[in-house]
Amino acid sequence: MAGSMNTSAPSTNTSARGLNKPVRVRPWRGVVLAGAALYFLVPLAASVIFTVDVPGEGVTFDAYTRIFGTDGFVSSLLLSLELAAATIAIVLLLMVPAMVALRLGAPKLRPVVEVVCSLPLVVPPIAFVAGIGTVLKWGPEHLSRTPLFQTFTAIQNPDFPFVLVLAYVVMALPFVYRALDAGLRAMDVRTLVEAARSCGAGWPQALVQAVLPNLRGALLNASFLTLALVLGEFTVAQLLGFQPFAVWIVNVSGSQAQLSVAVSVLSLLVTWALLLALAGFGGRSRTAPRG
Amino acid sequence: MTATTLDKAAVSAATVEFRGLRREFGPTVALDGLDLTARPGELLALLGPSGCGKTTALRMLAGFEHPDSGEVLVDGEDVTRVPAHRRDAGMVFQSYSLFPHLSALDNVAFGLRMRKVRTAERRARAAELLDLVGLGDKGGSFPHQLSGGQQQRVALARALALRPRVLLLDEPLSALDAKVRLTLREEIRRLQQELGITTLFVTHDQEEALSMADRVAVMRAGRLEQCAAPAELYGRPATAFVAEFVGTMSRIPGRVADGTVEVLGQRLPVDGDAPGAPEVDVLVRPEAVRVRADDTGDARVVASAFLGAATRVTVRLAHGTEVKADLPTHEAAALGAGSAVTVSLPERPVLVAERV
């Protein structure tokens, strides 16, 4: 299809042919596009069909409506969103000042920090959670007589397992590092800070008023990646025995197969919606100045 | 009109003094005991090759660098330990430094916002400053919509917004194209004179320094070589380095004997102190060298460059030294490459330097 469109283009404006480069026919593009579309869309379509086409009942959206009534849906989703919010807040509060300081004060340490922040990609979550589990078991035994014992209990509160937030902060580091690094690369942090300082801004003001607003895209990116990570994380939560959204999906899939696939499709759509919203938000920030 | 109201408010021109500033970055010495004073209301250019410490000196006055030893004084008050945001110095940077997320007006008003000036008041003052730099109609534009020259104008307005006692310009024109550079150069000078603000201007472009500044401080390897008015710097350079860095200089070998120097078969008085050794180089400006077509002459024209009204002719003397001379173009037309000529100097005192 793409090929036929391309070939028709030069014939409609032959006069411009001498000026424009002759349009080349690239049939491979169409083939690759079609291949990729098949690869992504076929499983998705199959999932959708599986959820709406119930044998003997015809097409019904029953599986989707049932989602909201199912036990544990709201609480697990809320838990996941709360965990995501806490993770985003902590990882950004940790990384933004650290990376700005790195850029201004010790640019030579950048490779070291990059490697450290990439480690979570190398360590498999299963190994990571095994380590955390060991510490959680070992800690209370050795610290039973100290106030730290209470801490160990508190971070494992099933209503809000803070230990998961700690784990997710570590797991989000590679993504957040990369997003922020790209944002900081796009601007001259040192000059902006110095310009703000010569305008009478102290250090905190220079950061908040001059650097952060120009990092908005990067902050949104980092937040989104972290959100996606936390919503989809299964291994750590499951092995530590908590029940956020991903664990809940797996648990219901055993008893209600259609429902769990419907939830997956729904969460995919929600993720897409968030991604589009982010793109729209970032895009508007770039075009808004023209108005 | 607006300029005069600003004028009254801003006049409190400060004296700036560097005393024995020293700063090392690892093995390199950026400043090696710099002493320099800027008088109230003058435009002082810091001129020198790259790495001579001129930018470091400026950044010390802004508070972005701290000296290993020595002090910075503004109106006799030691500000060496005062943090940058309390220095009362407006700065324009070499690279475009406007805040990309703010409009031109908000950029100019940024400092006033930091000082908690009321919104209406700071917008009015920012608009006034934008008028002053000729961008009254661009208040709503964002930096990426402005040309390089316009951005530097806004940066200048921003630097002036807090009525600083000192204005610091760190090669503000070097990123601009030649034509914009010339107009902005004049504009900065006009504004600076209208406001009567003490200004330090860092540049590596000698033409820029000579044409704008009240005085020019030539620096070399972290030290001050000479600080003088442009005409004096050009006409009576204190050192051979200044002579050769500012304008074009040719060296012609000569021989000193009792206060006079023998050069090109002439005997001319020495200007200033003669160096100890008798073998010296005489330093001459191209406009002071006379070249005459002479079939018996032992010098040869090797090249000529057309400069407009004048043509710069390069002549190789019998012993191999090359001398540059500016001739009226109609005279130079007769002197093609390879023509035999004689070279002479006017009967005036000449500068001499040790032979290198």
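**Close-up views of chains A and B**

**View 1. The salt bridge between the chains.** Across the interface of chain B and chain A in this predicted model, the rule finds one salt bridge. Its partners are B:Arg59 and A:Glu194, whose closest N and O atoms are 2.6 Å apart. Counting residues that are both at pLDDT 80 or more, five residue pairs are in polar contact between chain B and chain A.

**View 2. The side of chain B that touches chain A.** Two elements of chain B, strand 6 (89-92) and helix 3 (104-114), each give two or more residues to this side. Helix 3 of chain B supplies the largest share, four residues. By type, the residues on this side of chain B are 12 nonpolar, seven polar and five charged.

**View 3. The extent of the contact.** Chain B contributes 24 residues to the contact and chain A contributes 19 residues. Together the two chains bury about 2,000 Å², with 60% of it on carbon and sulfur atoms. Within chain B, the most area is lost to chain A by B:His85, B:His101 and B:Met114, together 27% of what that side buries.

**View 4. The largest nonpolar core.** This core has 91 residues, and those with the most contacts inside it are A:Met95, A:Leu240, B:Phe18, B:Leu61 and B:Leu168. Helix 8 (residues 162-185) of chain A gives the largest share of the core, 14 residues. A second, separate core has 43 residues, including B:Leu47, B:Leu135, B:Leu176 and B:Ile188.

**View 5. The surroundings of B:Leu168.** Leaving aside residues up to four places away in sequence, B:Leu168 touches B:Leu58, B:Leu61, B:Ala62, B:Ala89, B:Gly90, B:Met91, B:Val92 and B:Leu200.

Notes:
Residues numbered from 1 in each chain as written. Chains lettered and ligands numbered in written order. Predicted model: local features only at pLDDT ≥ 70, side-chain atom pairs only at ≥ 80, totals over all residues. Heavy atoms only, no water. Core = buried A, V, L, I, M, F, W, Y, C linked by side-chain atoms within 4.5 Å. Buried < 20%, exposed > 50% of the residue type's maximum accessible area, 1.4 Å probe, protein only. Contact = heavy atoms within 4.5 Å. Buried area = accessible area lost by both parts, 1.4 Å probe. Salt bridge = Lys/Arg side-chain N within 4 Å of Asp/Glu carboxyl O. Polar contact = N/O pair within 3.5 Å; in protein donor to acceptor, adjacent residues only side chain to side chain. Nonpolar A, V, L, I, M, F, W, Y, C, P; charged D, E, K, R; others polar.
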